[in-house]
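Please read the points below with the structure open beside you.

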Amino acid sequence: MEKIEITLNINGKPHEVTIYPNDTLLDVLRDKLDLTGSKESCGEGVCGSCTVHMDGKPVRACLTLAMEAQDAEIKTVEGLANGDELSNLQQSFIDHGAVQCGFCTPGMLMSADALLRENPKPDEKTIRKALAGNICRCTGYAKIVQAVAHAAQPQDNCCDCKSKE
Amino acid sequence: MSDHTLIGTRMPRVDSRAKVMGKAKYTADLKLPGMLVGKIKRSPYAHARILNIDTSKAEALPGVKAVVTGKDTEGVKWGVFPYTRDQQFIQVEKARYIGDEVAGVAAMDEETALRALDLIEVEYEELPAIFDPMEAMASDTELIHEDFPNNINIHVNIDTGNVEENFEKAHYIREDTFMASEESYFHAEPYAVVARFDHEDCLEVWCPNAGPHMKSKPLSNSFKIPLHKVKIKKIAIGGAFGGRSEICPADYICALLAKKTGKPVKIVFTREENTIATRQGHAMITTHKTGVDREGRVLARESTCYMDGGAYSSTGPIATSVPFLSMEQAYRMESVRYNGYRIYTNKPIRGMIRVHGRGFACGVDTQLDMIADHLGIDPVEIRLKNSRQPGDYTSTKSYVSSCAMDETIHKAVEKSGFKEKWGKLPPFHGIGIGTNSVQTGFPMGIRGGSQSFIKFNEDGEATVMSGVVDNGQGNENMLVQIAAEELGLLPEDIHLVNADTETTSSDPGSYSQVSTFVGGHAVKIAAENCREKLFKVAAKVLKVDPQELAAKNRLIFVKDDPEKSIPIKKVVRISLLNFTSVNAEGGYWPKVDMKREWVKNPYGQMCEAFSFGTTIVEVKVDPVTGQVEVLEATAAQDVGYALNPLILEGQFEGSVAMGGQGGMLTEYHEWMDGRCINPTMLDYKVPLACDMPRINNIIVESIDPKGPYGAKEAGMSIAMSAAQGYSGAVSNAIGVFLDSFPLTPDKILAAIKEKQTRQLKQENADKTEGN
């Protein structure tokens, strides 16, 4: 198979990479661009650990060919913060104890971030549905769901919501 | 406790920031200069003699840097205990399960490594394979390991005496058998290992682990190099749940490839390999015979458990004991006899898992519910009649100092409305309760204690060193929280160096639920010793007695006159200028009975503390589909003292998910001729966000006299009791006591149908009688 050169727009910056046509977006992000925040857990599109955005929509990077992503604006977990300044969602994950082993966290954040961009005030059922493609083995999801719900709408009666201060 | 600044607060975890930014490095994320890709060739047969391995074609493939087989291992056998050394890291004579390691390769890239695996020619002679533990035990001739008659790997026998006499005295006796299938961890992070030999011939290894010192010793033994030359390095870990406690053959194979090539090598497991070739939970068949008095107090119990151990011993003696131990801790029994058999089969290796012995535990509680039903009392009452009390000794002679089992029952009952709901819910709507107990530590011999070192830097900040590892449960935050509290610093002033065998002392590891109790304790003592040194210097400056001082917010101040203070940074600098050490160490060794041994002498003090938990679950069952909708789970655990309620709640919620929702409703393996047919996340059903019910967390504190600040194991009692609560609730909903776990829709529907048929027959019989 012959290698080809493509340009990927990731987190607002163009990256020129030489790839095989059958390289997945996940492999290119992790192996060629050192963007190892996106994780491989199942490798078959079930667990959501590799979720990234293409033009604002969450996609499985393990099932997406890098070639397919050429014309899209790609966003990975590394692009969520503005420099050292975390997004409200990232901060909410920390404050609500939504992170345990952290391996599913990048994918979970990307799915949740896409949801909040589409629906800034989702109810609990909507959040659980939006995260149903992301598997977590540590948390039982309760704190993740709370972190997403309170990221956009800090609650006065929540002892873990910091942004109200 | 109220004068603490950090302890007891909902302090967010210190490791979260790197994780939400995608900066935390896990093993598969590592890239070292010149690194090769390692792959493992595995047996396609469940039981086969290895006649010959020809690696010449693989070695000739361009890009292949090394091939290793059993010949390179010098036949070293490994086992957790001296009497369980039954596993070679690469098989020489026989493969004993589909997935057993037969060779390893290192190549320039993954594609070449995979092609090389195909080019390794292994000549096998297939042997008869045994997949059923009862068949395996019945066989005198078909042996999986020659030196284990009847394929019995481990037999644990516990007998308190007077069992027969107490059965004689019993008012009511029941004997029931319960079954449970194998389950898997499905850690988010597939297993991975990176190994290299450095310029000083030290072996450096990065891999997920539940105790780095548990990895370094077998590697030191296998490579015949001193322990100080084996450096298990700190790395972020994507979950363990009991499945990453021991050395993995891949660790050895990776290191061997690194040695042979002189290059770093990385092996990353596929999801299937993580399921098949790490560990699984044991399938088990358990018979409980229980005799009670008129009030429902257990006078005698005889439990016999047959566990499908798979191809090798792993943590067999522990695994065979723990289901019984959890029961004897949770419940009083006048007398008890236990026979636990772990049996070899030609299936993947079984180890410890978060809900260890779900079939055993759910059997105990289901039978209690059956007995309560017979006696006309409710499930809460029968548990309160038998629940463990503080000041008791367990059946195997462990003293229980702190215990708030009853409080967990009362609080969970109140919060869930159990009393109002029991017996009054509509058809196919049920409620159930489970209670259990978990050890805070195992007898670990030489590795039972933990030591910590603290060094102050000249800027007044501190480096804390501890062997404790964090698999995701929050251990690192626990150590920082304790150190900052005791030193009077802010969490950001602490730099933690942990889980690294080069710099940190031996530690029991996290798999025996002992990290806070022992490792956290050691940090607390080290910090107290450090603080004492600072106070001596500060006392001179402030012209007071050291005992009058306290430390908080980077200041040392006079307790009765807080205005009178000195910055810690200044005290450190004064100390150094006066040739005074500001560093300190501290260690903690739990007082357990060192003569207690899993098989030879299962009596004596097991560990210093036990946790106790109750979970109440409410469900609705769809009688047409057999699907279970879980409405609410209420989890209460006696954690001793809640160092950080935010983290504890996360442990409770995760336990309900893995122990109850997954463990009781969907998680199990299916087999065809020894081949696991659902090794992937697509086929093996773990709970999703949309499946989970509302969870009520109730933290109960008994202030353990030995635990740091009174803390002990936190969270695992919920995983165990959640399984029992779920099974009780489903049984209650359909009016049938279920005896095979997990409770999948097919089993639920069959039970409903059987009940309906029985009722119909009864009605017909009644009619006939009436005529």
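1. A residue is called buried here if 20 or more other C-beta atoms lie within 10 Å of its own, exposed if 12 or fewer, and partly exposed in between, with C-beta atoms placed from the backbone. Helices (H or I, at least four residues) and strands (E, at least two) are DSSP runs numbered from the N terminus. This is a predicted model, in which local features need pLDDT of at least 70 and side-chain atom pairs count only at pLDDT 80 or more, while totals for chains, interfaces and linings use all residues. Residues are numbered from 1 along each chain as its sequence is written, and chains are lettered from A and ligands numbered from 1 in the order in which they are written.

2. In helix H2 (residues 88-95) of chain A, seven of the eight residues are buried, so the helix is largely enclosed by the rest of the structure. The buried residues are Leu89(A), Gln90(A), Gln91(A), Ser92(A), Phe93(A), Ile94(A) and Asp95(A). They pack against helix H3 (105-118) and helix H5 (142-152) of chain A, together with H1 of chain B, where contact means C-beta atoms, placed from the backbone, within 7 Å. After H2(A) comes Gly97(A), with a positive phi near 65 degrees.

3. In chain B, four strands form an open sheet of mixed pairing in the order E18-E26-E27-E30; two strands pair if DSSP finds at least two bridges between them. Strand E18 (429-439) and strand E30 (694-700) of chain B each have a single partner strand, so one side of each is left without a neighbour in the sheet. Strand E27 (residues 628-638) of chain B runs parallel to E30(B) and is joined to that strand by seven bridges, and Thr634(B) stands opposite Asn696(B) in E30(B).

4. Which residues of the largest nonpolar core touch the most other members? Of its 282 residues, they are Val105(B), Val193(B), Ile253(B), Cys254(B), Ala483(B) and Val730(B); such a core is a set of buried Ala, Val, Leu, Ile, Met, Phe, Trp, Tyr and Cys residues joined through C-beta atoms within 7 Å. Helix H15 (residues 515-542) of chain B gives the largest share of this core, 13 residues.

5. The contact between the chains takes 45 residues from chain B and 44 residues from chain A. On the side of chain B that touches chain A, helix H1 (16-20) and helix H17 (645-665) of chain B are the elements that give two or more residues, and H17(B) provides the largest share, nine residues.

Technical notes: Contact = placed C-beta atoms within 7 Å.
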